[in-house]
Amino acid sequence: MSDEPENTGDNGRDEKGRFGPGNPGKPKGSRHALGEAFVKALHDDFVEHGVATIEKVRDEKPEVYMKVVASLLPKEFKIETVSELTDEQLDARIRQLASLIEVGVAGAARGGEAPEGSATAH
């Protein structure tokens, strides 16, 4: 009797469900091709129904909506405190924030919204 598992002819697997010697298993690249097909189908579905589905989930199942939002955020945030910044870094941060506030105030005065990426944009 051989030490090699007996091939039962069941998709190249032995009696314990393992791939036996000389049995190729799944074709090379099949997992990658499946992943590409899935992502394409998901993309096509999102293009057709994405915004409406997001709005529906947000309105009808806010807890699911928030789980999706949370899953897209980084796992951890680095929070700098003022005491960790040098004087130069603190001055630069103050100028940056003042500039964003000015842009937001000017945009609001014109009845428009602040530019995308500014602190006052929604």
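Colleague: Which helix supplies the largest share of the lining of the largest pocket?

Modeller: In this predicted model, the largest pocket has a volume of about 210 Å³. Helix H1 (30–60) and helix H2 (62–72) each supply at least two residues of its lining. The largest share, five residues, comes from H2.

Colleague: In what order do the elements of the protein run from the N terminus on?

Modeller: The protein has three helices and two strands. From the N terminus on, these elements run β-β-α-α-α.

Colleague: What percentage of the residues in the protein is buried?

Modeller: A residue counts as buried when its relative accessible area is under 20%. The protein has 122 residues, and the buried share of them is 8%.

Colleague: Is Phe 38 buried or exposed?

Modeller: Phe 38 has its place in helix H1. Together with Val 39 and Leu 42, Phe 38 makes a nonpolar surface patch of about 320 Å². The cut-off for the exposed class is over 50% relative accessible area. Because its relative accessible area is 54%, Phe 38 is exposed.

Colleague: Which residue forms a salt bridge with Asp 44?

Modeller: Side chains of opposite charge can pair when their charged atoms come close. Being four residues apart in helix H1, the two partners, Asp 44 and Lys 40, are separated by about one helical turn. The closest N and O atoms of this salt bridge are 2.8 Å apart, and the partner of Asp 44 is Lys 40.

Colleague: How far apart are the closest N and O atoms of Asp 59 and Arg 58?

Modeller: Asp 59 counts as exposed, at 56% relative accessibility. Arg 58 counts as partly exposed, at 37%. These residues form a salt bridge, and the distance between their closest N and O atoms is 3.4 Å.

Colleague: How many salt bridges does the count come to?

Modeller: Asp 44 forms a salt bridge with Lys 40, and Asp 59 forms one with Arg 58. A nitrogen within 4 Å of a carboxyl oxygen is what the rule requires. By this rule, the count of salt bridges comes to two.

Conventions
Residues are numbered from 1 along each chain as its sequence is written. This is a predicted model: local features need pLDDT of at least 70, side-chain atom pairs count only at pLDDT 80 or more; totals for chains, interfaces and linings use all residues. Side-chain values use heavy atoms; hydrogens and water are left out. On a 1 Å grid over the protein atoms alone, a cavity is a set of points where a 1.4 Å probe fits but cannot get out, and a pocket is an open set with protein on both sides within 12 Å along at least five of seven lines; lining residues have an atom within 4 Å of a point. Grid points are joined across faces, edges and corners, and a volume is the space filled by probe spheres set on the points. Patches are made of residues with over 30% relative accessible area and no salt bridge: like charges are joined within 9 Å, nonpolar side chains (Val, Leu, Ile, Met, Phe, Trp, Tyr) within 5 Å. Accessible areas come from the Shrake-Rupley method with a 1.4 Å probe; for residues, only the protein chains shown count as cover. A salt bridge is a side-chain nitrogen of Lys or Arg within 4 Å of a carboxyl oxygen of Asp or Glu. Buried means under 20% relative accessible area, exposed over 50%, partly exposed in between (1.4 Å probe, protein chains only).
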